[in-house]
Amino acid sequence: MPTPSSAGAPAPEVIEIERALTRATYLISRTRQHERLMALAGVALDRAAVTVLRQIADSEPLRPGELAGRLAVEASHVTRQVQQLQKAGYVTRVPDRADRRARRVELTPAGREAVRRIREASRRGVQRTLADWSPEECRRLAALVRRLVDDFLVRADEEADPAVGPA
C-alpha cells in the first residue's frame, strides 16, 4: 500500500489504521484491563512500573538515564518507578563496571519471576483473542505489527533528532 504524502489528505486506509490503533491502545491500557492482568499474574504494580520492569528485563542492566531514553520519558519518572520496584524487591541497583560512580538497575530473581508471570498472563490473553485466527493470519499480523513498531521507532528518532532526516 503506497503511503500518501505528508502534504495530502490521508488515505482512507491510514484513517482506518489510526482509528484501530487508537481503539486497541485504549482497550489494552484501560485500568480495568491492567488490574485484571496483575491479578492473573499475581503482581501488584501500576502500569508505569510494569513498563519499566519489562524494559529492564529486555535489556538489563541499564543506567536510569538510559532507561528513560529507551522509554522516551523524563528521568524523574524512571527514578520514581525504579524506587517503587526496588522497594517491592523486583530490582536492585548495582555498580556500573565501566564507571564505579554510576549505578545500573537490574532485575532480582523476584523481578525475573514477576516479568515471567506478567508476560505469561498477557500472552494467554492475546492467545484467547486470536483463537479463531489461522496460523498464517497470526504470522502475517506479527510481521506487520513488528514492522509498524520498527517504523514508529524510526520516525520517533527522526523527530527527536532533525539531523537524522527521513530514511
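**View 1. A72 lies in the loop between α4 and α5**. Helices and strands here are DSSP runs numbered from the N terminus (helices: H or I, at least four residues; strands: E, at least two). The model is predicted: local features need pLDDT of at least 70, side-chain atom pairs count only at pLDDT 80 or more, and totals for chains, interfaces and linings use all residues. Numbering starts from 1 along each chain as its sequence is written, and side-chain values use heavy atoms, with hydrogens and water left out. A72 has a phi near 55°, a positive value in a residue other than glycine. Most residues other than glycine have a negative phi. Is A72 buried or exposed? A72 is exposed, at 70% relative accessible area. Exposed means over 50% relative accessible area, buried under 20%, and partly exposed in between (1.4 Å probe, protein chains only).

**View 2. The whole chain, for orientation.** From the N terminus on, the order is α-α-α-α-α-β-β-α-α. The C-alpha trace spans about 50 × 45 × 25 Å along its principal axes. Of the 167 residues, 25% count as buried. Contact means heavy atoms within 4.5 Å. Among contacts with a separation of 6 or more, 48% join residues 24 or more positions apart.

**View 3. The largest nonpolar core has 24 residues**. A nonpolar core is a set of buried Ala, Val, Leu, Ile, Met, Phe, Trp, Tyr and Cys residues joined through side-chain atoms within 4.5 Å. V43, L45, L53, L85, V91 and I118 have the most contacts inside this core. Two or more residues come from each of α2 (31–41), α3 (47–59), α4 (64–71), α5 (75–87), β2 (103–107) and α6 (109–129). Which element gives the largest share? The answer is α3, with five residues. V43 touches M38, Y90, A114, R117 and I118, not counting residues up to four places away in sequence. In soluble globular proteins, nonpolar side chains tend to be buried together.

**View 4. α3 packs against α5 at an angle of about 85°**. Their axes are 9 Å apart. That angle makes α3 roughly perpendicular to α5. On the α3 side, the contact is made by A48, A49, V52 and L53. On the α5 side, H77, Q81, V82, Q84 and L85 take part. By class, the contact of α3 with α5 has six nonpolar, three polar and no charged residues. Ala, Val, Leu, Ile, Met, Phe, Trp, Tyr, Cys and Pro count as nonpolar, Asp, Glu, Lys and Arg as charged, and the others, Gly among them, as polar. Axes are lines fitted to C-alpha atoms, for helices over the stretch in contact, and angles run from 0 to 180 degrees between N-to-C directions. Angles under 35 degrees count as roughly parallel, over 145 as roughly antiparallel, 65 to 115 as roughly perpendicular and the rest as oblique.

**View 5. α4 packs against α5 at an angle of about 115°**. The axes are 9 Å apart. α4 is therefore roughly perpendicular to α5. The crossing of α4 and α5 is right-handed. A crossing is right-handed if the near helix is turned clockwise from the far one by less than a right angle, and left-handed if anticlockwise. P64, L67, A68 and L71 of α4 meet A75, V78 and V82 of α5. The contact of α4 with α5 divides into seven nonpolar, no polar and no charged residues.

**View 6. V82 sits in helix α5**. V82 is buried, at 0% relative accessibility. Beyond its neighbours within four places in sequence, V82 is in contact with V52, L67, V91, R93 and V105. V82 and V52 are 30 residues apart along the chain. Their C-alpha atoms are separated by 7.6 Å.

**View 7. α2 crosses α6 at roughly 120°**. The axes come within 8 Å. That makes α2 oblique to α6. The crossing of α2 and α6 is right-handed. R36, L37, M38, L40 and A41 of α2 meet R117, I118, A121, S122, R124 and R128 of α6. The contact of α2 with α6 has six nonpolar, one polar and four charged residues.

**View 8. R147 lies in helix α7 (residues 135–160)**. R147 is exposed, with a relative accessible area of 56%. The C-alpha atoms of R147 and E18 are separated by 15 Å. Along the chain, R147 and E18 are 129 residues apart.
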